[in-house]
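Hello,

Here is the structure we spoke about. My notes on it follow below.

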Amino acid sequence: GIYSPADGAVVRKPPLVAWSPVAEARFYNLQLWRGKAKLLTTWVQVSKLQLATQWKLNGVRHALVDGRYRLYVWPAFGTRRDPRYGKLVGQVGFVVKRR
């Protein structure tokens with residue numbers, strides 16, 4: 001599962017997201033949501049990702065502002081062109097409170 005950030009953590013800066021590696025996973029899909037809005041979907045080859053202060057998704061700029069977030073991570077097998085996703089590695093909720 002996801003072990004960083006801890007579920008329910010309150011963070012002041014973008015957290016390092018880290019999870020237990022899945023055997024034979026070629027890469028991972030990480031999604032970040034705030035409410036019903038998907039803010040980030042990205043693919044990484046290692047079992048961690050340092051979130052940024054701001055980024056773009058489909059040409060739209062997003063920022064890690066104060067609020068509640070939920071992260072999801074899935075392992076992927078195959079290729080980026082033809083991915084096969086495994087069971088959800090985990091999900092975690094955290095709160096950004098910069099002051």
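The strands here are DSSP runs of E with at least two residues, numbered from the N terminus, as are helices (H or I, at least four residues).

Before the rest, a word on the source. This is a predicted model, in which local features need pLDDT of at least 70 and side-chain atom pairs count only at pLDDT 80 or more, while totals for chains, interfaces and linings use all residues. Residues are numbered from 1 along each chain as its sequence is written, and side-chain values use heavy atoms, with hydrogens and water left out.

**Strand 9 and its partners**

Two strands are said to pair if DSSP finds at least two bridges between them. Strand 9 (residues 67-78) runs antiparallel to strand 4 (residues 27-34), and seven bridges join them. Strand 10 (residues 83-85) is joined to strand 9 by three bridges and runs antiparallel to it. A76 has Y85 in strand 10 as a bridge partner. Strands 9 and 10 make a hairpin, with four residues between them. As background, strands of a sheet pair through backbone hydrogen bonds, either parallel or antiparallel.

Strand 1 and strand 3 (residues 16-19) run antiparallel and are joined by two bridges. S4 has A18 in strand 3 as its bridge partner.

**Aromatic pairs**

The structure holds three aromatic pairs. Rings of Phe, Tyr and Trp (its six-membered ring) pair if their centres lie within 6.5 Å; planes under 30 degrees apart count as stacked, over 60 as edge-to-face and the rest as tilted. One of the pairs is W19 with Y28, edge-to-face, at 5.4 Å centre to centre and 70 degrees between the planes. W19 is buried at 0% relative accessibility, and Y28 is buried at 4%. Buried means under 20% relative accessible area, exposed over 50%, and partly exposed in between (1.4 Å probe, protein chains only).

Another is Y69 with F94: the ring centres are 5.5 Å apart and the planes are at 15 degrees, so this pair is stacked. Because Y69 lies in strand 9 and F94 in strand 11, the pair ties together parts that are 25 residues apart in sequence. Y69 is buried at 3% relative accessibility, and F94 is buried with a relative accessible area of 1%.

T41 lies in strand 5 (residues 37-44). Its side chain has a polar contact of 3.0 Å with that of N29. Such a contact is a pair of N or O atoms within 3.5 Å; within protein, one must be able to donate a hydrogen and the other to accept it, and residues adjacent in sequence count only if both atoms are side-chain atoms.

V60 is in strand 8 (residues 60-63) and is partly exposed, at 44% relative accessibility.

Regards
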